[in-house]
Amino acid sequence: MANSRKLAAEPEPIELDWTATALLIIDMQRDFMEPGGFGETLGNDVSQLARAVKPIAAVLDAARAAGMLVIHTREGHLPDLSDAPPAKIERGAPSLRIGDPGPMGRILIRGEVGHDIIPELYPIHGEIVIDKPGKGAFYATELGDVLQHHGIENLLVCGVTTEVCVNTTVREANDRGYRCVVLADGCASYFPEFHEMGLKMIKAQGGIFGWVSDSAAVLEALS
Ligand code: TIU
């Protein structure tokens, strides 16, 4: 395979054609990462997610240097909430619901400060940003068309949270035929035990949904 490199991963190393591989960074938004956003209003300790930022930044730098396709996603809704199902808005007992005004603007609404990507990982010119209304990045988005257009077969996946939007997206991608390698230290959850089990679910049964690797392995493979 031209341009292929072996990446250390579980349940086994994987040979990837880097020209057909994209870095997919899931929902590294202020609404999930910082106090006053959607994550905190759900009752979560947002400081649990900070550990993923540096590993993602290192991989993002390497991917940019290698000319790899970089795709960022953002979960959120239109200001009129027409793409937010009542079942999603009504769920649970958050202190602020989707669309309510919070300290970083309206909760999980496109165009608000809280909806945007954290400064450390901010997209640069030429990188793709996919706005998604759901947990999975394929549902009601152009992601499938974008990947097909760029000839992508493999995804390096990182972001938050491990068991929600990362897991949902990896399952969607796996069913669409993409090889998904999830970067363990580039993901995080508000619940450390869900992070651990979320990764185990992906790589169990011979890699039933994909592979699990880490930032150091990607940096090594790209060097
Ligand atoms: N609540 C939670 O863990 N996650 C989400 O609502 N969205 C994402 O994971 N991005």
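## Packing of α3 against α8

In this predicted model, helix α3, which covers residues 53-66, and helix α8, which covers residues 215-222, have axes that come within 9 Å of each other and cross at roughly 20 degrees. Because angles under 35 degrees count as roughly parallel, α3 is described as roughly parallel to α8. The crossing in which α3 passes α8 is left-handed.

On the side of α3, the contact is made by Pro55, Ala58, Val59, Ala62 and Ala66, while α8 contributes Ser215, Val218, Leu219 and Leu222. Sorted by class, the contact between α3 and α8 comprises 8 nonpolar residues and 1 polar residue, with no charged residues.

## The chain as a whole

The protein chain contains 8 helices and 10 strands. Its radius of gyration is 17 Å, close to the 17 Å that the globule rule gives for 223 residues, so the protein chain is as compact as a globular protein of that length.

## Surroundings of the ligand

The shell around the ligand is formed by Asp27, Phe32, Leu42, Glu75, Lys135, Val160, Thr161, Val164, Cys165 and Tyr190. By class, the residues of this shell divide into 6 nonpolar, 1 polar and 3 charged.

Some residues of the shell, including Asp27, Val160 and Thr161, also have backbone features that are described in the next section.

## Backbone features

Most residues other than glycine have a negative phi, and most peptide bonds are trans. Against that background, aspartate 27, a residue other than glycine, has a positive phi, near 55 degrees. Aspartate 27 is located in the loop between β3 (21-26) and α1 (30-33), and it is also one of the residues that surround the ligand.

Valine 160 and threonine 161 are joined by a cis peptide bond, for which omega is about -10 degrees. Threonine 161 is placed in the loop between β8 (154-160) and α6 (162-175), and both Val160 and Thr161 are among the residues around the ligand. A further cis peptide bond runs from glutamate 10 to proline 11, with omega near 10 degrees, and proline 11 lies in the loop between β1 (4-7) and β2 (14-17).

Notes: Residues numbered from 1 in each chain as written. Predicted model: local features only at pLDDT ≥ 70, side-chain atom pairs only at ≥ 80, totals over all residues. Near = placed C-beta within 6 Å. Nonpolar A, V, L, I, M, F, W, Y, C, P; charged D, E, K, R; others polar. Axes fitted to C-alpha atoms, helices over the stretch in contact; angles between N-to-C directions. Helix = DSSP H or I, 4+ residues; strand = E, 2+ residues; numbered from the N terminus. Parallel < 35°, antiparallel > 145°, perpendicular 65-115°, else oblique. Left-handed = near helix turned anticlockwise from the far one by under 90°. Contact = placed C-beta atoms within 7 Å. Rg over C-alpha atoms; globule rule 2.2 N^0.38 Å.
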